[in-house]
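Hi,

Here is the structure I promised to pass on to you. Have a look at it first, and then read on for what turned up in it.

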Amino acid sequence: MGGDKNTVDALTQRSMADIASERAATSFPIGVLSVYVDRGRERHEARKAAHSLIARDSAIAFSADASPFDLARKQLREKTNAQVQRVRHLRRHAKDALSRDALALAACELSESLGMKLYVHDALYVASINLFGTPEQIAHFLPLDLDPRVNGCFAMTELGHSSSLQDLETTATYIPETREWSITSPTITSTKWWIGGAGGTATHAVMVSQTSIKGTSYGLAWFIVQLRSIEDGRLLPGVVCGDVGAKAGRNGLDNGWIQLTGVRVPLNNMLMKWMQVDEEGNVSPPPHPAVMYATLIPERISSLTGIKILVAQSVTIACRYGVTRRQGPGNPQIIDFQAQTVNMLPLVAGIYVYMNTEKRMEARWNRLQIAATEDPDTYLKELPDIHCISAGLKAVGTWWGSHAFETCRRACGGHAYSSYNAIAGHIDDWGVFTTGGGDNFALMQQLS
Ligand SMILES: Cc1cc2nc3c(=O)[nH]c(=O)nc-3n(C[C@H](O)[C@H](O)[C@H](O)COP(=O)(O)OP(=O)(O)OC[C@H]3O[C@@H](n4cnc5c(N)ncnc54)[C@H](O)[C@@H]3O)c2cc1C
């Protein structure tokens with residue numbers, strides 16, 4: 001091809017025309033499908049409004065001269081922190097719950113670092129307090145006017161153990177005289193590790209720890225531990241935190257480590273919905289050990305949301321590339337090569353499968369959360385089942401995601417090796433989905 005057809009303008013126009021003609025050839029109305037994907041007209045409109053809002057917001061949107069692909073880790077951190085503050089501000093002032101949710105989703109679709117940083121506070125810290133706290137504790141730790149400077153993290157994993165939670169070593173010892181817990185990291189391997197936000201910004205942690213009461217161990221329980229001052233971010237006495245450094249992906253998020261030395265917290269900082277300790281140190285154990293790990297269930301279900309957000313983006317990029325890229329005798333669109341079609345179409349179909357599975361699992365989990373308060377017997381009866389299903393789906397779904405990304409990368413040839421194509425970055429960001437929230441191999445064993 002040469003002459004006046006080989007200009008940037010002409011090539012762009014041809015690409016746009018190729019996409020337009022593919023869209024015009026669909027056998028279904030694209031608008032109807034978009035509404036279906038967004039689960040209804042109202043949510044669809046809210047999502048569009050959220051995207052439009054953040055695209056116009058200079059604190060959130062990436063500018064052309066500072067794309068996430070070009071920023072160094074320090075700058076990416078600064079940008080992500082500014083984005084988090086701004087998204088939280090917009091969400092606090094959103095006109096209704098629909099708009100609030102749409103803003104969170106749009107933020108996740110914009111950046112994995114931003115999405116994960118919001119997720120750690122909202123879906124791990126806040127959700128854990130709601131799951132493990134009594135109504136009084138929820139009101140205390142999550143008042144409606146919660147100080148926006150409170151930034152929560154979820155401190156479960158330790159340097160030495162994560163897949164085997166019963167081997168965690170951090171220990172909370174009850175002191176009846178002062179009605180306090182003294183929490184300590186007794187060894188190097190007990191250092192809380194990988195904790196999202198702990199590197200520099202988390203002020204509070206919901207932390208899982210062994211309990212020791214009057215010389216007896218009562219297993220794991222969840223504690224609220226303040227790490228840093230909300231005034232100036234300084235570490236509190238007995239707390240040492242650091243950053244885990246450069247990662248394969250999500251470098252805007254400050255994953256970090258935490259060591260505690262005799263940090264005192266009030267008795268009431270142990271979340272006591274399922275396991276109670278009174279002032280004398282008398283213990284009522286949880287009705288079922290699984291209730292103490294329930295926060296991992298929504299985390300695993302949310303990996304299906306990750307498929308909807310991240311895998312779908314890569315599949316979209318690869319399909320659009322297939323439509324606009326021309327190569328071979330007669331210069332056809334490469335999507336028309338049989339191998340491309342055979343590779344890409346199952347991925348498109350897979351997105352819809354996981355999207356609908358996510359919807360069903362979310363609905364079931366939402367019902368169960370209500371049951372946890374209103375009908376604990378049903379909650380306890382159904383918990384092992386949803387625990388198994390969510391573990392299996394997370395493993396199967398995220399392995400499928402890894403396969404999908406690699407297929408998309410290959411479908412874009414050499415151009416997918418450029419960071420600006422985005423798929424390579426998705427692959428880096430995705431790795432944690434197969435490991436975090438429970439390594440997939442360990443999760444598959446929970447199905448057996
Ligand atoms: C980017 C990132 C962010 C994270 N954020 C957080 C966070 O905010 N908070 C938090 O608490 N944690 C966080 N994590 C930690 C994450 O949850 C753990 O890494 C995960 O649970 C796996 O544990 P591990 O690293 O100890 O792996 P390991 O248990 O050491 O696994 C290593 C390998 O051994 C295999 N293995 C382990 N046990 C068995 C077994 N019984 N049978 C067969 N194979 C086995 C695993 O399948 C895996 O292949 C994060 C991790 C990453 C990478």
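The lining of the largest cavity divides into three nonpolar residues, one polar and three charged. Please keep in mind as you read that this is a predicted model. The residues around that cavity are Y36, V37, R39, K308, M355, N356 and K359, and the space inside comes to about 50 Å³. Which helix gives the most to this lining? That is α9, with three residues. Two helices, α2 (30-37) and α9 (338-374), each supply at least two residues of the lining. Counting cavities of 30 Å³ or more gives two for the structure. If you wonder how such spaces are found, rolling a probe the size of a water molecule over the atoms shows where empty space is left.

Next, take a look at a pocket. The second largest pocket has a volume of about 630 Å³. Its lining is made of 27 residues, and P68, F69, L76, G425 and D429 are the ones that lie nearest the centre. By type, the lining of this pocket divides into 12 nonpolar, nine polar and six charged residues. Several helices take part: α4 (73-92), α5 (97-110), α6 (112-132), α8 (296-324) and α11 (423-435) each supply at least two residues. The largest share comes from α11, which provides five residues.

There is also a sheet to find. Three strands form an open sheet in the order β4-β8-β7, with antiparallel pairing. Why is one side of β4 (192-196) and of β7 (239-243) left without a neighbour in the sheet? Both strands stand at the edges and each has a single partner strand, so one side of each has no neighbour there. From one strand to the next, the twist averages 35 degrees. Strand β8 (residues 255-260) runs antiparallel to β7, and five bridges join the two. To see where they face each other, find D243, which stands opposite G256 in β8.

Now for the cysteines. How many disulfides does the structure hold? The number is zero. C108, for example, is in no disulfide, and the nearest cysteine sulfur, that of C153, is 18 Å away. The relative accessible area of C108 is 21%, so this residue counts as partly exposed, because buried means under 20%. C388 is partly exposed as well, at 24% relative accessibility.

Finally, here are two backbone angles to look up. K214 has a positive phi, near 50 degrees, in a residue other than glycine. You will find K214 in the loop between β5 (204-213) and β6 (216-226). A422 is not a glycine either, and its phi is positive at about 85 degrees. This residue, A422, sits in the loop between α10 (376-411) and α11. Are these two residues buried or exposed? K214 counts as exposed because its relative accessibility is 55%, and exposed means over 50%. A422 has a relative accessible area of 13%, so it is buried.

Enjoy exploring, and write back with any questions.

Best wishes

Definitions and conventions: Residues are numbered from 1 along each chain as its sequence is written. This is a predicted model: local features need pLDDT of at least 70, side-chain atom pairs count only at pLDDT 80 or more; totals for chains, interfaces and linings use all residues. Side-chain values use heavy atoms; hydrogens and water are left out. On a 1 Å grid over the protein atoms alone, a cavity is a set of points where a 1.4 Å probe fits but cannot get out, and a pocket is an open set with protein on both sides within 12 Å along at least five of seven lines; lining residues have an atom within 4 Å of a point. Grid points are joined across faces, edges and corners, and a volume is the space filled by probe spheres set on the points. Helices (H or I, at least four residues) and strands (E, at least two) are DSSP runs, numbered from the N terminus. Ala, Val, Leu, Ile, Met, Phe, Trp, Tyr, Cys and Pro count as nonpolar, Asp, Glu, Lys and Arg as charged, and the others, Gly among them, as polar. Two strands pair if DSSP finds at least two bridges between them. Axes are lines fitted to C-alpha atoms, for helices over the stretch in contact, and angles run from 0 to 180 degrees between N-to-C directions. A disulfide is a pair of cysteine sulfur atoms within 2.5 Å. Buried means under 20% relative accessible area, exposed over 50%, partly exposed in between (1.4 Å probe, protein chains only).
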